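Please keep the sequence and the 3D view open while you read, and look up each place as it comes.

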Amino acid sequence: MKTVLSLPSIQSGQLWENLYGTSLSLACVEIVKKRQSMTLLITPDNLTAMQLFDEIEFYLRDCEQRKHMYFFPDWETLPYDQFSPHQDLISERLKTLTQIRQNPQAIVIGAISTFMHRLCPPEFLQQSAFHLTVGQTIDREAFRRQLQQAGYFAVNKVMEHGEYAIRGSIIDVFPMGSKRPFRIELFDDEIDSLRFFDADSQRTIEKQKTIAILPAREFHN
């Protein structure tokens with residue numbers, strides 16, 4: 001087995017041969033421990049990327065770098081497929097792109113096929129994302145338009161990422177990058193409460209003071 005690792009700080013690159021078991025992961029760990037900048041590890045396929053992520057995460061279990069690790073998922077669609085990637089995958093990709101943008105020491109692992117596709121520029125995420133805070137005043141119609149422009153779909157009951165529902169003074173949104181939907185309760189035009197809830201039972205899980213809403217797609221229409 002031959003593995004080539006090329007990093008900005010290693011002008012000539014490095015060639016490793018006859019790596020067995022988790023030797024590659026251990027070698028990568030030794031390099032990322034010495035780096036103070038972002039590291040991108042590209043594998044031949046998605047399965048190898050997930051395996052490499054798990055192995056490096058194991059070796060970094062007691063290290064500060066472990067919290068800087070990110071797996072960048074593939075769309076899992078072919079170039080000429082007629083259907084779109086699953087919303088959960090888009091959610092995870094947008095979340096990862098947002099996190100690594102804020103983390104200069106990120107360790108990003110993904111397959112070469114994943115990085116062959118164009119990624120949205122950082123400016124798109126910055127301009128399309130917005131925050132809500134308890135006590136903030138919002139215009140419902142303007143907020144609805146903002147959600148639609150960000151790629152969210154109106155439904156009767158939110159169940160998946162990228163959906164929203166408006167029922168009088170209650171607005172439900174399932175934002176990208178979040179594990180759960182959240183509910184906005186308005187008092188006139190002021191946000192009275194923000195709370196995550198279970199989509200199936202509709203029960204409140206946790207109250208929040210502020211919530212970030214990422215765009216529901218990776219590109220402009």
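1. Asp200 counts as exposed, because its relative accessibility in this predicted model is 61%, and the cut-off for that word is over 50%. As for where to find Asp200, this residue lies in the loop between β11 (190-197) and β12 (204-208). When residues up to four places away in sequence are not counted, Asp200 touches Lys157 and Met159. Lys157 is 43 residues away from Asp200 along the chain, yet the C-alpha atoms of the two are separated by 9.7 Å.

2. In general, an α-helix has 3.6 residues a turn, so residues three or four places apart point the same way.

3. Cysteines deserve a separate check. Cys28 counts as buried because its relative accessibility is 4%, and Cys120 also counts as buried, because its value is 10%; the cut-off for buried is under 20%. How many disulfides does a search of the whole structure find? The search finds zero, where a disulfide would be a covalent bond between the sulfur atoms of two cysteines.

4. Turning to the sheets, there is an open sheet of three strands whose order is β3-β5-β4, and the pairing in it is parallel. Why is one side of β3 and of β4 left without a neighbour in the sheet? Both β3 (39-43) and β4 (69-71) stand at the edges and have a single partner strand each, so one side of each is left without a neighbour there. On average, and with direction ignored, neighbouring strands of this sheet are turned by 20° against each other. The parallel pair of β3 and β5 (residues 107-111) is joined by five bridges, and within this pair Ile42 stands opposite Gly110 in β5.

5. Strand β8 (residues 163-167) runs antiparallel to β9 and is joined to it by five bridges, with Glu163 standing opposite Phe174 in β9. The two strands β8 and β9 form a hairpin that has two residues between them, and Gly168 in the turn has a positive phi of about 65°. On to the next pairing: β9 and strand β10 (residues 182-187) pair in the antiparallel sense over four bridges, and here Asp172 stands opposite Arg183 in β10. Strand β9 (residues 170-174) is mostly covered, as four of its five residues are buried.

6. Finally, please look at the largest pocket, which has a volume of about 450 Å³. This pocket is lined by 20 residues, and those that lie nearest its centre are Thr98, Gln102, His131, Ala212 and Leu214. The elements that give two or more residues to this lining are α3 (87-101), α5 (122-128) and β13 (210-213). Which element gives the largest share of the lining? That share, four residues, comes from α3.

Conventions:
Residues are numbered from 1 along each chain as its sequence is written. This is a predicted model: local features need pLDDT of at least 70, side-chain atom pairs count only at pLDDT 80 or more; totals for chains, interfaces and linings use all residues. Side-chain values use heavy atoms; hydrogens and water are left out. Two strands pair if DSSP finds at least two bridges between them. Axes are lines fitted to C-alpha atoms, for helices over the stretch in contact, and angles run from 0 to 180 degrees between N-to-C directions. Buried means under 20% relative accessible area, exposed over 50%, partly exposed in between (1.4 Å probe, protein chains only). Contact means heavy atoms within 4.5 Å. A disulfide is a pair of cysteine sulfur atoms within 2.5 Å. On a 1 Å grid over the protein atoms alone, a cavity is a set of points where a 1.4 Å probe fits but cannot get out, and a pocket is an open set with protein on both sides within 12 Å along at least five of seven lines; lining residues have an atom within 4 Å of a point. Grid points are joined across faces, edges and corners, and a volume is the space filled by probe spheres set on the points.
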